[in-house]
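Please open the structure in your viewer, with selection by residue number ready, and follow the stops below in order. Each stop says what to select and then what is there.

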Amino acid sequence: MIEARHLRVLRAVAATGSFSAAARRLGCTQPAVSQQMKALEASAGTPLLVRTGRETRLTQAGEVLVRHASGILAGLTAAEEEIAAIAGLRAGRVRLVSFPSGSSTLVPTALAALRAAHPGTRVSLVEAEPPRSVEMLREGDCDVALAFRYGSAAAEWDDLVVRPLLADRLIGLVPEGHRLAGADSVAIADLADESWIAGCPRCRRQLVEVCEEAGFTPRIDFATDDHPAVIGLVAAGLGVAVLPGLAMESVRLKGARTVTVEPSVQREIVALTLPDLAQVPAVAATLDQLALAAPR
């Protein structure tokens, strides 16, 4: 019989490429990892790993087992959490991953409300932009992913539970002394000759697509995921930018002015989880609080 603890070790070996690195990740010894892999191979009845010098790689059977491991472990986690709730322990654990502007706006309000309503629920938070955050969810490294997307690429999440939260409009940023700083609205084509400051890869791609639809290719001189850095570069007169509305809520606009950019571009903010995990009370409560924290 294949044991869950052996699957966790196999995933760690596959992710790190060696027994010693897997042992460091799992907080155990290399002999313990080796022993558990031998036990797993005995249960599977076939080799799962091939060690050549310092390299450890998966056999075909090992690749199949790793591919199924995330779903199996997510299902076991869901079962353990639901059983604990049914037994009256009133405890739960939620691993949340969020993009930075969500971490500074939606997440604090949601987690404060969750702690007040369910003090026994523990929530951890790490930051990652999509698509990496969505990969972490599918790989079993988190329980809820706060993510965003542009357009209507719904198929990319059709295997997940999607809780829509809000539509977040992109807002233009120009230096205080810019010729368009006092305009009520600005056509993005009016910024065709400007130097641009772009954000994360997904946001950068969207910026290029919108500008190309307006008839020009933006000259991107700077790229940074740090929103205060974007504002600092704009304020210094080094370029113009667009930032999501959520990002504007937690930064100071010293030296920069916001403008409404046309055509309107919005990103959809959602909370994602796996179907099995959506049944876990602590995960469901986290999704509910994230929805309540979203501005109406």
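What percentage of the 296 residues in the protein chain do buried residues make up? Buried residues make up 45% of them, where buried means under 20% relative accessible area, exposed means over 50%, and partly exposed lies in between (1.4 Å probe, protein chains only). This is a predicted model, in which local features need pLDDT of at least 70 and side-chain atom pairs count only at pLDDT 80 or more, whereas totals for chains, interfaces and linings use all residues. Residues are numbered from 1 along each chain as its sequence is written, and side-chain values use heavy atoms, with hydrogens and water left out.

**The whole chain**

Begin with the C-alpha trace of the protein chain, which spans about 70 × 50 × 30 Å along its principal axes. Of the contacts in the protein chain with a separation of 6 or more, 71% are accounted for by residues 24 or more positions apart; contact here means heavy atoms within 4.5 Å.

**Helix 1 and arginine 11**

Next select arginine 11, which is found in helix 1 (residues 4-16). Not counting residues up to four places away in sequence, arginine 11 touches Ala69, Ser70, Leu73, Glu139, Gly140 and Asp141. For one of these, glutamate 139, the backbone oxygen lies 2.4 Å from a polar atom of the arginine 11 side chain. A polar contact is a pair of N or O atoms within 3.5 Å; within protein, one must be able to donate a hydrogen and the other to accept it, and residues adjacent in sequence count only if both atoms are side-chain atoms.

**Helices 2 and 3**

Now select helix 2 (residues 19-26) together with helix 3 (residues 30-44), which pack at an angle of about 105 degrees with their axes 8 Å apart. The axes are lines fitted to C-alpha atoms, for helices over the stretch in contact, and the angles run from 0 to 180 degrees between N-to-C directions. That angle makes helix 2 roughly perpendicular to helix 3, a term for angles of 65 to 115 degrees. At their contact, Phe19, Ser20, Ala22 and Ala23 in helix 2 meet Gln30, Val33, Ser34 and Met37 in helix 3. By class, this contact has 5 nonpolar, 3 polar and no charged residues, where Ala, Val, Leu, Ile, Met, Phe, Trp, Tyr, Cys and Pro count as nonpolar, Asp, Glu, Lys and Arg as charged, and the others, Gly among them, as polar.

Move on to arginine 57, in strand 2 (residues 55-58), which is partly exposed with a relative accessible area of 42%. Leaving aside its neighbours within four places in sequence, arginine 57 is in contact with Leu48, Leu49 and Val50. Threonine 59, in the loop between strand 2 and helix 4, counts as buried at 15% relative accessibility, and, with neighbours within four places again left aside, threonine 59 is in contact with Pro47, Leu48, Leu49 and Val50. Glutamine 60, in helix 4 (residues 60-86), is exposed, with a relative accessible area of 65%.

**Strand 3 and valine 94**

Is valine 94 buried or exposed? Valine 94, which lies in strand 3 (residues 92-98), is buried, with a relative accessible area of 0%. Its contacts beyond four places in sequence include Arg122, Asp143 and Ala282, and the C-alpha atoms of valine 94 and arginine 122, 28 residues apart along the chain, are separated by 6.3 Å.

**Two cis peptide bonds**

Select proline 130 and proline 131, which are joined by a cis peptide bond with omega about 10 degrees; proline 131 lies in the loop between strand 4 (121-127) and helix 7 (132-138). The peptide bond from glutamate 262 to proline 263 is also cis, with omega near 0 degrees, and proline 263 sits in the loop between strand 11 and strand 12 (266-273).

**Helix 9**

Finish at helix 9 (residues 227-235), whose buried residues are His227, Val230, Ile231 and Val234. They cover an arc of only 95 degrees around the axis, which puts them on the same side of helix 9; the arc is that of the directions from the helix axis to the C-beta atoms. Among the elements that cover these residues are helix 5 (100-103), strand 6 (161-175) and strand 8 (195-198). At the N-terminal end, aspartate 226 caps helix 9, with a side-chain oxygen 2.8 Å from the backbone nitrogen of alanine 229, while glycine 237, whose phi is positive, near 80 degrees, follows helix 9.

Technical notes. Helices (H or I, at least four residues) and strands (E, at least two) are DSSP runs, numbered from the N terminus. Angles under 35 degrees count as roughly parallel, over 145 as roughly antiparallel, 65 to 115 as roughly perpendicular and the rest as oblique.
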